[in-house]
Amino acid sequence: MAKGEVKARAHTTRAVPEPAFVQLLTPEGDRVEHPDYAVDFTDDEYRSLYHDLVVVRKLDAEATALQRQGELGIWASLLGQEAAQVGSGRALRAQDMAFPTYREHGVLYCRGIDPIMPLSLFRGVDQGAWDPNEFKFNMYTIVIGAQTLHATGYAMGIAKDGKVGSDDGEAVIAYFGDGATSQGDVNEAFIWASVFNAPLVFFCQNNQYAISEPLERQTRVPLYHRASGFGFPGLRVDGNDVLACYAVTRKALDDARHGQGPSLIEAYTYRMGAHTTSDDPSRYRIASEVEAWQAKDPIKRLRAFLTKQGMAKDDYFDAIDEEARVAAVGLRERVLNMPNPDPLTLFDHVYPHGSPELAQQKEQFAKYLASFEGSGH
Amino acid sequence: MTAENLTLGKALNTGLRRAMERDPKVLIMGEDVGKLGGVFRITDGLQKDFGDERVIDTPLAESGIVGTAVGLAIRGYRPVCEIQFDGFVYPAYDQIVSQVAKLHYRSQGKVSLPIVIRIPFGGGIGAVEHHSESPEAYFAHTAGLKVVSCANPDDAYWMIQQSIESDDPIIFLEPKRRYWEKGQVNVDSASLPLHAARVARPGNDVTVLAYGPMVRTALDAATAAEEDGRSLEVIDLRSLSPLDMAPVYESVRRTGRAIVVHEAPGNLGLGAEIAARVTEECFYSLEAPVLRVTGFDTPYPAARLEEEYLPDLDRVLDAVDRSFGF
């Protein structure tokens, strides 16, 4: 083997064979039935799912381009994971709360949030400041797995507020990846959610890699099997099937809001791009693996389905592409127009009611900065 | 004034009770805080009276205690977390430093986390390792946290209530070896705001700065020094972050001498910061360098060695002598 070549992953090390997953739409775009899960979408709803997948992918590509042009410091692309995010995101009801990682741009979009909102974080003009309760969508969490405990606490609060046990009940979804399942916090969150019967869905997007490390380095069993050890149900869903992702998440959230406790969904998918724009996946995975997953593309299969069912034709798909293009141009313009923060704001909001010491540091730094004015530096 | 004679531990218990009566959003969560009332009985009887939805026996996982408290706080609750011993806070360190301390800042004020993390700290109880540590500098070094320590029952009663009412995340350090010391508690009104230092004993010759368990030690040293004709002014810092330095500067400008006492190791401890600030602000008033009387730069030793490790009356008096030697 030549130097620099990447060796194929050794799947033979698995302790058990790959299990089946819940699937409602094949990679070829054919609907298949499942004994436990179904969807009942209108034609318009099917088309709107396609719309969301396409727009989310286009906005993501635009953000990657913005990083390449130096306009963002970094970007964590969701490429390949659109179905997992749109399916689960659309399954949330208005009263539900989401706790994302830093990659859930598709879920954010499906919550009806302006996609510009997280871009300031990646541009570095702020740290992703928004009110979780206003958007029912927590701030992005960078520390791997830390948000699963926050989600669990929030879900315990729902139960304390008496907001479980009916159709109006509230539920929480906690997003994380395959790498995060090795974190202590995620395992603690499993335990807490279980013993307190929290109304919570753990939604793991298993995209096969934690930066460079393949799944084999995190687990010897399918990730969804972990749930049984913690005392709640777990299942694997085809993470590139937006219909199945929607169906299983909807059911899990509704079970949670009715008081049936937590569950784990493993959305089996693939990170088609890099971990972030700072990463180089050619160092650790082979082209044939990526090609195999391209054949399972979430958008391609829904387009095939819509075409076969006569729900949409090329003019519709072209119109969606154009809408996505316009949205991306708009996103770009707004990113370029984001003002840099005033240097003195770095002292703000450390404490809810300020602090005399920081006020003094701010004043001194202002004087220091002012001392350069007019000096030509 | 209505005064009650309470131990420091009972004063904390009563203060927690008052806070829970006042605000139904206040929760207590920790290991063994329910039926047992905590290993030091600080939460004794609270679960019986407020129920297990508000006084929560948690799984044995400190990161989980603090991490779920974050979510509960986002939901609108005011969690009071008990960490059973100082040396067991480290599994929660990531949640405290990376999440609790930073969420208000990075949300630009849109998220407040009114969380109190109670930690019995310090040595002197003959315990095995991990049960006698003084981790305050780790937290005082972290922007976004506030750190306080009570030294007497009246402060215990009021400072725990003030901490729970505060919108800041607060590390509340309890001097575990003083839990059983009794004192008068004025249950009518607090004598000071939370982040204020107090002159615990007025004096003229040397300013001795202490907090938590070392306030009693400093006061004992002041009594002993009086017999030698030296007048020690003892200041109980109470708030470790932010430090309330104005009374310290005022005192040092009068006495010209300052000695900081704490159990934690000296290297990069609170004493180092205080010495730097006193030097910056009181340089022309100082008759001697600011001295430190602290634990040694070793791990906390075995119980049969802790009397050697811990600052005591004699080591404080020795520092007083050294200060006058300059």
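Of the 377 residues of chain A, 44% count as buried, where buried asks for 20 or more other C-beta atoms within 10 Å of a residue's own, exposed for 12 or fewer, and partly exposed covers what is in between, with C-beta atoms placed from the backbone. Keep in mind that this is a predicted model, where local features need pLDDT of at least 70 and side-chain atom pairs count only at pLDDT 80 or more, while totals for chains, interfaces and linings use all residues. Residues are numbered from 1 along each chain as its sequence is written, and chains are lettered from A and ligands numbered from 1 in the order in which they are written.

Over residues 10–14 of chain A, though, the pLDDT is below 50. Where pLDDT is low, the predicted coordinates should not be read in detail.

Stepping back, the C-alpha trace of chain A spans about 75 × 50 × 50 Å along its principal axes. Chain A has 13 helices and seven strands; these are DSSP runs numbered from the N terminus, with at least four residues for helices (H or I) and at least two for strands (E).

Now zoom in on strand E6 (residues 234–238) of chain A: four of its five residues are buried, so it is largely enclosed by the rest of the structure. Five bridges join E6(A) to strand E7 (residues 263–268) of chain A, and the two run parallel; strands pair if DSSP finds at least two bridges between them. A:Arg236 has A:Glu266 in E7(A) as its bridge partner.

How values were computed. pLDDT = per-residue confidence, 0-100. Contact = placed C-beta atoms within 7 Å.
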